[in-house]
Amino acid sequence: MFNRTVDDAGAPASTRTFDASPDRVFRAHCDPELFGRWIGPDDTIAEIDHFDRRTGGRTLLTTTSLVDSFEARDAFVASGMEAGVQDGCRKLDAVLAET
């Protein structure tokens with residue numbers, strides 16, 4: 001589903017190719033109702049209190065998790081995060097299929 005890498009500083013990064021138009025992927029990330037339907041693992045519900053998206057320019061969507069050490073990074077990744085990411089990717093695919 002996605003490609004996981006680690007940059008030169010040791011920070012994890014994920015890259016994903018979507019079977020959907022850029023407009024649909026962008027909308028799924030910027031429409032609060034759609035975003036709340038797919039973000040996170042199956043057993044969570046996202047409630048968005050404030051959603052600020054700006055019109056114009058270019059957008060780069062990046063998520064970063066800061067940790068104190070490589071050991072902490074490895075523990076974070078091993079904590080079940082992978083399953084939550086996979087759940088979110090599957091839910092995003094479903095949202096993209098219906099939009």
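Predicted model: local features only at pLDDT ≥ 70, side-chain atom pairs only at ≥ 80, totals over all residues.

Colleague: In what order do the elements run from the N terminus?

Modeller: Starting at the N terminus, the order is β-β-α-α-α.

Colleague: How many bridges join β1 to β2, and do the strands run parallel or antiparallel?

Modeller: They're antiparallel, with four bridges between β1 (residues 3-6) and β2 (residues 12-15). As for who faces whom, Asn-3 is opposite Thr-15 in β2.

Colleague: And what goes on in the hairpin between those strands?

Modeller: Five residues sit between the strands there, and Gly-10 takes a positive phi near 90°.

Colleague: Switching to confidence. What's the mean pLDDT of the chain?

Modeller: The mean is 77, with 78% of the residues reaching 70 or more. Over residues 57-63, though, the pLDDT is below 50, and that stretch has two contacts in the model beyond near neighbours in sequence.

Colleague: Which elements have the lowest and highest mean pLDDT?

Modeller: β1 is lowest at 77, while α1 is highest at 90.

Colleague: OK, on to Asp-31. Where is it found?

Modeller: Asp-31 is in the loop between α1 (22-30) and α2 (32-38). A polar atom of the Asp-31 side chain lies 2.9 Å from the backbone nitrogen of Glu-33.

Colleague: Which residues does Asp-31 touch, leaving out those up to four places away in sequence?

Modeller: Phe-51 and Arg-53.

Colleague: What about Asp-52, where does that one lie?

Modeller: Asp-52 is in the loop between α2 and α3 (70-98). Its C-alpha is 9.3 Å from that of Pro-32, with the two residues 20 apart along the chain.

Colleague: Why does Asp-52 count as partly exposed?

Modeller: Because its relative accessibility is 47%, and the partly exposed class covers what falls between under 20% for buried and over 50% for exposed.

Colleague: Zooming out again, what share of the chain counts as buried?

Modeller: 21% of the 99 residues. The accessible surface of the chain comes to about 7,500 Å², and 53% of that belongs to carbon and sulfur atoms.

Colleague: Last one. Among contacts between residues at least 6 apart in sequence, what percentage join residues at least 24 apart?

Modeller: That comes out at 60% for this chain.

Conventions
Residues numbered from 1 in each chain as written. Heavy atoms only, no water. Helix = DSSP H or I, 4+ residues; strand = E, 2+ residues; numbered from the N terminus. Polar contact = N/O pair within 3.5 Å; in protein donor to acceptor, adjacent residues only side chain to side chain. Contact = heavy atoms within 4.5 Å. Pairing = 2+ DSSP bridges. Buried < 20%, exposed > 50% of the residue type's maximum accessible area, 1.4 Å probe, protein only. Areas by Shrake-Rupley, 256 points an atom, 1.4 Å probe, with all protein chains shown as cover. pLDDT = per-residue confidence, 0-100.
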